[in-house]
Structure formats: structure tokens, C-alpha cells
Amino acid sequence: MSKFLILLGGDLTVTSRLKKQIAGARVLAADSGMRHAAGLGVVPELWLGDFDSTDTALAAQYKDIERQVFPVAKNMTDGELALHEAYERGATEVILAGAFGGERTDHTFLHLSMAVAQAHRGRKIFLSSGHEEATPLICGKTGFDLPEETLFSILGFETLTRLSISGAEWPLDNVTVPFGSSLTLSNRVKENLTVTLGGGAAILVASPAIDSI
């Protein structure tokens with residue numbers, strides 16, 4: 001198993017939970033995502049992107065890190081380039097840190113949908129801002145290690161079929177959730193949260209209690 005951490009340019013709160021999740025990972029940084037390296041106590045093996053969001057102070061601080069520089073006019077975002085590079089380097093598990101927030105809603109959407117697409121290819125992938133984390137749902141049963149009372153929502157990218165939720169304040173049993181429905185928003189973990197999905201594409205977004213460090 002080869003776990004990779006990709007530092008993205010969104011918001012990030014450093015927590016003990018996140019530090020445990022990234023332990024032992026190889027690290028890549030995408031453009032301004034490098035600003036999260038110091039707080040997480042990591043040193044990326046590669047810094048890539050078009051560097052249009054990197055200021056001179058950050059560039060000077062990490063001047064010795066290997067770089068791959070791409071033109072601003074390109075067909076992929078810096079984050080997508082970093083994800084492809086991780087897989088080229090043998091990643092079997094990827095954590096996207098700094099995947100939410102920031103000034104670009106379109107990038108947040110891309111990170112969520114990109115993760116779902118990779119999960120449907122059989123790849124293990126996880127997103128986090130420290131405050132929020134997201135796990136793609138694939139067909140079958142998925143268990144979650146989330147503290148009791150964690151707020152969570154399931155976001156569907158299409159109609160979801162044969163969806164069941166156990167271990168939650170509002171369980172569901174073998175239901176169909178139309179695309180655009182709010183049925184699966186704002187639930188809470190009670191114990192041993194498990195989600196079973198028969199068909200469709202979705203991602204579970206959770207807000208575990210944080211202990212920023």
C-alpha cells in the first residue's frame with residue numbers, strides 16, 4: 001500500500017484526527033497548497049502547478065523542493081495534475097487536504113466529483129479540510145469511523161437507489177433518493193455509522209468535532 005497526501009489550496013484546519021489520517025503518507029503539493037505543509041509538519045517530494053497562486057515568500061521558503069511547472073493555460077487544474085502524478089508514482093490511497101473552501105466553489109465541486117470518479121474506478125480516496133471530510137460512496141456497504149453526534153450529509157450526483165443508513169439519528173432502509181432531494185442532508189451519527197448503496201454516485205460529507213492544534 002502506498003498512501004499519498006496532496007496539499008490543495010483550499011481551507012485547512014490542522015487537527016489531531018487529520019494528523020493521524022496522513023501519518024506515513026508521501027506528499028505532493030499543488031501550487032498554493034504548499035502553504036499547508038508547515039502546519040501539517042510535512043515536506044512534499046514534489047511541488048507542481050502553474051504557480052499563479054504562489055507568492056514570493058512561499059516560493060522562497062520552499063525553493064529546494066523539486067518542481068514541475070505547467071502553463072496557466074492548460075486542460076487540468078493543478079489539483080487534478082497532482083492527483084494524476086500520485087497515481088503515476090504508485091498511489092493506492094490518496095488524501096486530498098485543503099479540498100474545500102477558499103475562493104473557488106468550482107474547485108470544491110471538482111474535488112468532490114473527481115473523488116467519486118476515482119472511487120468508481122476502485123481507488124481509495126478521501127478529502128479533508130480538518131473541519132470537514134468527505135468519503136465517496138460506492139455500491140455495497142461502507143462503514144465509517146466517525147464520533148457520535150457527528151453531523152453528516154450524503155450528496156448524490158444522480159438518483160440513488162436501494163440506499164440504507166444505520167447507526168444514525170435518522171436511519172433509512174432501502175430507499176430511492178431522487179437527484180436534487182434534501183432527504184440525506186443534516187443527519188447525525190449515533191453509533192457505528194454504516195451506509196449501503198445499491199446504485200448511483202454519491203459522497204458522504206461529515207463534520208467531526210475538531211481539536212485544532
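**Strand S3 and its surroundings**

Leu48 stands opposite Gln68 in S4. The two residues belong to a parallel pairing, in which S3 and strand S4 (residues 67-69) are joined over 3 bridges; strands count as paired if DSSP finds at least two bridges between them. This is a predicted model, in which local features need pLDDT of at least 70 and side-chain atom pairs pLDDT 80 or more, while totals for chains, interfaces and linings use all residues. Residues are numbered from 1 along each chain as its sequence is written, and side-chain values use heavy atoms, without hydrogens and water.

Strand S3 itself covers residues 46-49 and has both faces covered. Leu46 and Leu48 are buried on one side, and Trp47 and Gly49 are buried on the other. Buried means under 20% relative accessible area, exposed over 50%, and partly exposed in between, with a 1.4 Å probe and protein chains only.

Phe51 is not a glycine, yet its phi is positive, at about 60 degrees. Its relative accessible area is 15%, so Phe51 counts as buried.

Another positive phi is found in Glu149, which is not a glycine either; the value is near 80 degrees. Glu149 sits in the loop between strand S8 (140-143) and strand S9 (151-156). With a relative accessible area of 37%, Glu149 is partly exposed.

The whole chain can now be considered. It holds 5 helices and 13 strands, taken as DSSP runs of at least four residues (H or I) and at least two residues (E), numbered from the N terminus. The radius of gyration is 18 Å, close to the 17 Å of the globule rule for 213 residues, so the chain is as compact as a globular protein of that length. The radius is taken over C-alpha atoms, and the rule is 2.2 Å times the number of residues to the power 0.38. The C-alpha trace spans about 55 × 35 × 35 Å along its principal axes.

Of the 213 residues, 49% count as buried. Among contacts (heavy atoms within 4.5 Å) between residues at least 6 apart in sequence, 63% join residues at least 24 apart.
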